[in-house]
Amino acid sequence: MKHNYKNLYPKGFRKKYFSLTAILALNSALLAQSQNIALNEKSQEVESQNLKLSITHVEEFVENVDFKEEFSAEEIQQSNAQNIYNFLNQHSLLKVTTNYGNPYTANIDLRGFGQNAHKSLTIIVDGMRLNNIDSTPVSLSNIPLDSIQKIEIIRGKGTTKYGNGAVSGILKITTNRKGGGALNLNYASYNSQNSQFFSRYVGDTLNIGAFGQYQHNRGEQLITQGSEEKNGGYNKNGGITAFYHPNDSTILKSNLNYSKYAIKYASPLSKAQFDSNPTQAPLPNAWGGDTFTHQQRWDLAYNLGFTHFGDSRIITDVNFGGIRNKSEFINFQNRYDGKGIFGDFNSQFKNDSLMVEIGGKLNTSKRLQNPDLKAQVNEMLLYLNGEKYFGDSTLNGGISAQRVISKNNESKQENLLGGELGFHYPLSAQTSLFASYSRSFIVPNVDYMFDLQGHINNFIDTATFDTYQIGTKSVFGIHELSANLFWIEGSDEAYFEPITFRNQTLDKTHRIGGEAKFTTHFNAQVHSSLSYAYVDAIMRGNEGYKGNTIPGVSQHTLGAALNYTPITQLNLGISYKYGSKAYDYNDFDNVLPKSPNYQSLNLTASYKLKDFEIYAYVQNLTDHKNAIVVSEAYYPYEFERIFGGGIKYTW
């Protein structure tokens with residue numbers, strides 16, 4: 001969601017250094033006082049609630065991973081974040097930016113993929129993959145934070161199992177399966193209202209839950225010269241999930257989700273306008289058209305499936321579902337319909353010495369631009385994965401075969417072979433090492449078959465990526481350190497050419513970098529985290545941009561957070577996020593001014609009284625101006641200080 005700007009922020013890093021120094025100074029002081037705290041005083045993590053209805057079944061389908069960021073329900077709720085994008089941006093190494101001014105969808109970047117970032121990250125909710133038909137990022141704004149039990153961000157694994165798009169990593173969201181619920185009412189600056197609820201009933205054979213949410217924002221920026229109208233909109237969504245347990249070995253499952261949003265957001269500003277006052281309306285464009293976009297969109301997704309637990313330790317999971325959506329840009333008279341269906345199965349066997357799983361997926365996505373313009377992409381995937389355990393060491397591997405058929409007026413077929421190989425070795429009870437390799441793909445979706453005017457586009461090849469990574473994880477006393485180095489070689493990576501408005505490829509690309517996260521649990525009342533990511537993303541092909549940096553990629557990302565619970569009822573938190581400057585999204589020649597660096601300092605406080613919780617927060621405390629830049633045009637987001645608060649009731 002956009003945040004306004006009022007006071008000009010001084011150039012350089014003065015405020016950033018002050019904010020970060022304050023966090024680290026407090027961290028160091030507490031560390032000095034707590035070095036003698038025994039390991040058993042380390043705060044216990046909240047146990048993850050199993051997805052399955054019955055606790056008699058041992059495990060859900062999980063990857064044996066080494067480097068990942070993981071957040072429990074307690075950490076999520078203590079953040080007092082207003083939506084999942086807000087939480088991920090403040091507390092993880094993900095770079096989250098609004099989708100050209102739309103606060104209800106966001107581009108989530110992991111490991112430096114810029115404008116293609118959301119296409120390289122696979123999103124799994126309760127074991128089921130979210131598939132978007134078009135190039136718009138999958139919307140996570142319809143998942144109430146209060147309903148989430150666990151968030152995991154996995155790097156470099158799962159490529160064989162999830163296929164298309166599992167390149168930079170996997171974002172896994174597990175929702176709560178325990179009985180109870182919550183009602184959360186919130187109000188913030190600029191008449192921002194957010195009300196959400198979820199409730200779940202757990203019986204002997206039935207587990208059923210429902211959620212609903214309504215968001216409304218008056219807006220911070222004027223959208224038309226000479227008018228007082230501002231950007232803003234609404235988002236309403238809801239859903240039902242159900243699990244039926246007819247016997248000890250079978251679970252039937254289903255869910256239905258619906259969301260709709262309508263929004264008016266301003267066209268981009270010039271650099272001079274953004275620097276002087278990002279709340280002002282854009283200047284009229286050269287064509288004399290509107291200086292804002294009025295968009296409406298609705299999505300409907302459904303899923304049916306079952307999980308069977310065999311007597312011979314074989315677990316079988318089968319799902320079938322679909323999605324429908326309709327998007328309309330009202331003032332541009334541009335509308336398209338989309339629909340997709342999918343099916344998947346997985347059978348897994350596991351004992352003390354090995355794990356083997358075999359599975360497959362079918363996915364069909366269609367887009368109708370008008371009665372004469374249609375596009376369709378069919379994907380078929382088969383995979384085989386395995387893990388072999390040698391004492392405390394693990395060797396894992398997998399292979400996948402994928403067939404892709406793209407259709408518009410013509411047809412194109414591709415056969416893809418992917419795989420992964422990894423090894424985990426414990427040096428000691430506290431320290432382990434790991435190394436892995438994977439080959440993964442990004443398949444062109446239906447939007448790649450149309451140019452900006454909706455005309456049939458040329459076919460482009462599937463992008464292929466080879467990822468190598470090594471890393472370590474160590475626990476020493478009250479501290480934990482996870483770190484890795486990665487190297488990603490890509491070919492045929494696609495981008496949207498800014499002059500011809502046609503899809504092109506960058507030919508060869510190269511990314512090298514590393515990530516690290518250091519956490520400290522001083523005691524049951526205080527814990528902190530410090531994380532850093534670096535990526536050097538370079539175009540290496542012969543398409544005219546050889547040696548240049550891939551646009552839209554921040555080379556440095558830094559996050560710091562501290563949480564303090566002085567008494568059981570009171571929780572205080574501070575977090576800081578920094579992302580270095582990035583080249584203009586369309587500056588493949590690397591000659592234009594870079595976008596501003598990203599900065600956000602956030603404070604939260606909450607107080608619990610029996611079943612009620614009162615909370616307050618400040619976002620972007622330093623009033624830093626943030627924006628993405630496309631063709632020298634500025635799209636402001638999170639550019640003003642925001643005050644908010646609310647009340648939550650749980651049962």
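Here's a quick tour of this predicted model, from an inner cavity to a surface patch and then some salt bridges.

**Stop 1: the cavity.** Select V125, L130, N142, N257 and A301; of the 48 residues lining the largest cavity, these lie nearest its centre. The space inside comes to about 770 Å³. Now colour strand β13 (residues 292-309), which gives the largest share of the lining, 6 residues. Colour the lining by class and you'll get 21 nonpolar, 21 polar and 6 charged residues.

**Stop 2: the nonpolar patch.** Switch to a surface view and pick L183, L185, F197, F612, I614, I647, Y649 and W651, which make a nonpolar patch of about 740 Å². Strands β8 (180-188), β30 (612-619) and β33 (642-650) each put in at least two residues. F197 sits in strand β9 (residues 192-202), and is partly exposed at 37% relative accessible area.

**Stop 3: salt bridges.** The whole structure has 19 of them. Start with E69 and R155, whose closest N and O atoms are 2.9 Å apart. E69 is in strand β1 and R155 in strand β6, so this pair ties together parts 86 residues apart in sequence. E69 is buried at 1% relative accessible area, and R155 is buried too, at 2%.

Next, select E357 and K161, bridged at 3.7 Å, N to O.

K271 is partly exposed at 39%, as is D275 at 33%.

Last, select E69, R111, R155, E515 and K517 together: shared partners join them into one salt-bridge network.

Conventions
Residues numbered from 1 in each chain as written. Predicted model: local features only at pLDDT ≥ 70, side-chain atom pairs only at ≥ 80, totals over all residues. Heavy atoms only, no water. 1 Å grid on protein atoms, 1.4 Å probe; cavity = no way out; pocket = protein on both sides within 12 Å on 5 of 7 lines; lining within 4 Å. Points joined across faces, edges and corners; volume = space filled by probe spheres on them. Helix = DSSP H or I, 4+ residues; strand = E, 2+ residues; numbered from the N terminus. Nonpolar A, V, L, I, M, F, W, Y, C, P; charged D, E, K, R; others polar. Patch = residues over 30% accessible without salt bridge, like charges linked within 9 Å, V, L, I, M, F, W, Y side chains within 5 Å. Areas by Shrake-Rupley, 256 points an atom, 1.4 Å probe, with all protein chains shown as cover. Salt bridge = Lys/Arg side-chain N within 4 Å of Asp/Glu carboxyl O. Buried < 20%, exposed > 50% of the residue type's maximum accessible area, 1.4 Å probe, protein only.
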